[in-house]
Amino acid sequence: MLKNNLNYIAFDFETTGLDWKKDDAIQIGIVKFNHKYEILEQFSSYIKPDNLQNLSEIVEFTTWIKKEQLETAPSFDEIKEKIIPFFDENSVLIGHNIKFDIDFLQKYIWNIPHKYVFDTYVYARKFLHFEPAYALEILADKYWFKGQSHDALADSIMAMELFKLIMKKIEKIIKKYPFLADLILKSDSLLKEILVLNPVNRNIFSIPKKWKNIAKVKKIKSNLPSLNDFENKSVFSTLWINIQQAINFALNWQNKVILAFSSNARANVAKSILKDKYLPFSVLNNGFTISEENEKKLLEKKELKDFEMDFILKSFTHYDEDISVFDVANFDEYKVFKFVSDKQRKISSNFVVCTHYELFQYIKNNGKNDLKDFSIVFFDGQSVLNSLWSVINKGFDFYELINKLEVLKYEKSFSENIEKYENLINEVSTFFGLFAVNIKNLFKNTNNKIEMVNMFEDTQTGLKQMKEWFYELENKLKSLENEEISKTWDIFKECVEHYCIIEQKLFWNWQLKYVFHPLMENIDINTFNDFLDGLKYFNFSWLENKNYLKLKDVLKIEENLDISKFVDWNDNIDFKLLVEKIKNKIEAGISLFLVSNNKNFSNSLFKLIFNLLKEYDLKANIYAENITWWQGKLLYYIKKDHWPKITIGGPEFLIQNKAKYINYNEIHFLAIGGKNRKNTINDLYFYLA
């Protein structure tokens, strides 16, 4: 039960954008409730923004708030005195991604009093497992919270209901395993501060586990020829057959098969096909065991950190819900997961689905012994060498090194004083902070995102003075005798001691970061064959070549691929004709996917269709990848909503739709840039036809 001496406040803002510094609030909703989840008071109001005339179609679409509703709304200053009394020194602030809402609240009321902050998104990721997406309205829809999405008051009520759902789930687990109360009370968990807990003074000796899922073999009975009927390293052309036929062929009478794809979206299509066939499969690295010694160390700690306590609670919820794969939600959970699990990693199934990159990384880290009995089938053969290049010539990312140091520090905290690790992490962070300041100069007078440089020799970098410090750091890192950290540092050493490629990337919250790539030769087919030497593998590609076996001939099938639903505009787009076609299709109840990997084009197209729907009062669901909502949320709604749907997105997003069993009446190729345009379209035929 919740403590009754706290003031529980759920609140939410609707805004003109995601940046509190330049964007404005356009609606606020606040709900005050007690420890029994009874609403005591609530408040809601539209807020007139400073930039009302510039309110975009996207804001209107995502919030459902129209300009005319805001024209007569009060300013925030006019409602400020009604808001302040909700908050006091005993307030628990509750919201979904609440930092966003707190930032906006503090923009208008700087010193808002409160005691604790509870983010329902963070806790949902911990205790609601494997949801399709963790957006508030998706969870509300699944768990039947009442309210209208993207109304600030309704969202506040839904946040309260989600808070209630999470707390009730935790209370249920504590009631079932009462000794968990003792663990929470010796932790610094927020749960200790808001829950009434009754200790039982009983030890807990192990965490219940169902984290291992070994699939059994199930052969496909078919008259198709087997892969074993062909020479090793055969290359098959998959042009004019589809993914279903290709997978049937790849799995036919094979005892152990690894299906490797160029991306997660494509791998997900294969997983959906295998599920339809009731064939169990696994992914790489999901077999492991628990170190009883480390588990005991964790449970017997005198004081538990909040993330350790959450990990233990989450383990019990997995066990209670019969979930066999641990759902790692954040880096803190990953640290504990790494600590309590043995280093053993092996393939735990006879059918494996993965990406090229995951497979090559597995071979690089674990060797080939586990793979010798498998037939490896590479789909999307045109991407195989790029994936191998990414693994062999893996770049250096400062954040990866820091993460490895943090994991090591956590592991050592059970047996050693960690001050030296903390000091080392601070020193490494300082070094790379100064390093980045100098690197930034390389990109000042150019629009390039990639530069080639010899960092300790070229005067333009200003890094010569850091050379001695670099080798001091290397000695300290090597003295840790940690293989993963040494390998990561060696990549950076290769970069700074020779010419290397520096790649500038946007990171979280629009911050810049730099990835360093060793300057190495491109990977060719000989490197590929050497890397896989001793393994049995086949390459499935749509590429036409006289040396390729055409799979349609092997399978003795006609060229019966149905491509009638594909419309290729060849980038010569007559917008007047396009708008007329879209209007006619919507009126006819036809669902369209408009393929575009140009964000500016997609943005313009979204606005055009949005205004078209308003002008003609047409009923349709419109979605735009990375413009309206993020992918998980989009996929949930696209699958749930009724026809007609108008979806704008890139080729990968279209394939993700396919993986979720979402089909379209027509697919229009509008803005597919790059030299591989034809290859991309052929690829889509293979996966979608």
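## Basis of the model

The model is predicted, so local features need pLDDT of at least 70 and side-chain atom pairs count only at pLDDT 80 or more, while totals for chains, interfaces and linings use all residues. Residues are numbered from 1 along each chain as its sequence is written, and side-chain values use heavy atoms, with hydrogens and water left out.

Helices (H or I, at least four residues) and strands (E, at least two) are DSSP runs, numbered from the N terminus.

An open sheet holds 5 strands in the order 3-2-1-4-5. The pairing is mixed; two strands pair if DSSP finds at least two bridges between them. Strand 3 (39-46) and strand 5 (116-119) form the edges. Each has a single partner strand, so one side of each lacks a neighbour in the sheet. From one strand to the next, the twist averages 20°.

Strand 1 (residues 7-15) runs parallel to strand 4 (residues 91-95), and 4 bridges pair them. Ile-9 sits opposite Leu-93 of strand 4. Helix 4 (residues 98-108) lies across strand 1, strand 2 (25-33), strand 4 and strand 5. Its direction is about 85° to strand 1. Axes are lines fitted to C-alpha atoms, for helices over the stretch in contact, and angles run from 0 to 180 degrees between N-to-C directions.

## A buried strand

Strand 8 (residues 351-355) has 5 of its 5 residues buried, so it is largely enclosed by the rest of the structure. Buried means under 20% relative accessible area, exposed over 50%, and partly exposed in between (1.4 Å probe, protein chains only). In a regular strand, side chains alternate between the two faces of the sheet. Phe-351, Val-353 and Thr-355 point one way from strand 8, and Val-352 and Cys-354 point the other way.

Strand 7 (residues 257-261) runs parallel to strand 8, joined to it by 5 bridges. Leu-259 has Val-353 of strand 8 as its bridge partner.

## Helix 14 and its partners

Helix 13 (residues 306-320) packs against helix 14 at about 70°, with the axes 9 Å apart. The two are therefore roughly perpendicular. Angles under 35 degrees count as roughly parallel, over 145 as roughly antiparallel, 65 to 115 as roughly perpendicular and the rest as oblique. Residues in this contact (heavy atoms within 4.5 Å) include Phe-307 and Phe-311 of helix 13, and Val-336 and Phe-337 of helix 14. By class, the contact has 5 nonpolar, no polar and 5 charged residues. Ala, Val, Leu, Ile, Met, Phe, Trp, Tyr, Cys and Pro count as nonpolar, Asp, Glu, Lys and Arg as charged, and the others, Gly among them, as polar.

Helix 14 (residues 331-340) also meets helix 17 (residues 398-412). Their axes come within 10 Å and cross at roughly 55°. This pair is therefore oblique. Among the contact residues are Tyr-334 and Phe-339 of helix 14, with Val-407 and Tyr-410 of helix 17. The contact residues divide into 6 nonpolar, 1 polar and 4 charged.

## Two positive phi angles

Most residues other than glycine have a negative phi. Trp-240 is not a glycine, yet its phi is positive, about 75°. Trp-240 lies in the loop between strand 6 (235-237) and helix 10 (243-251). At 26% relative accessibility, Trp-240 is partly exposed.

Tyr-278 also has a positive phi, about 60°. Tyr-278 belongs to the loop between helix 11 (264-276) and helix 12 (292-299). With 67% relative accessibility, Tyr-278 counts as exposed.
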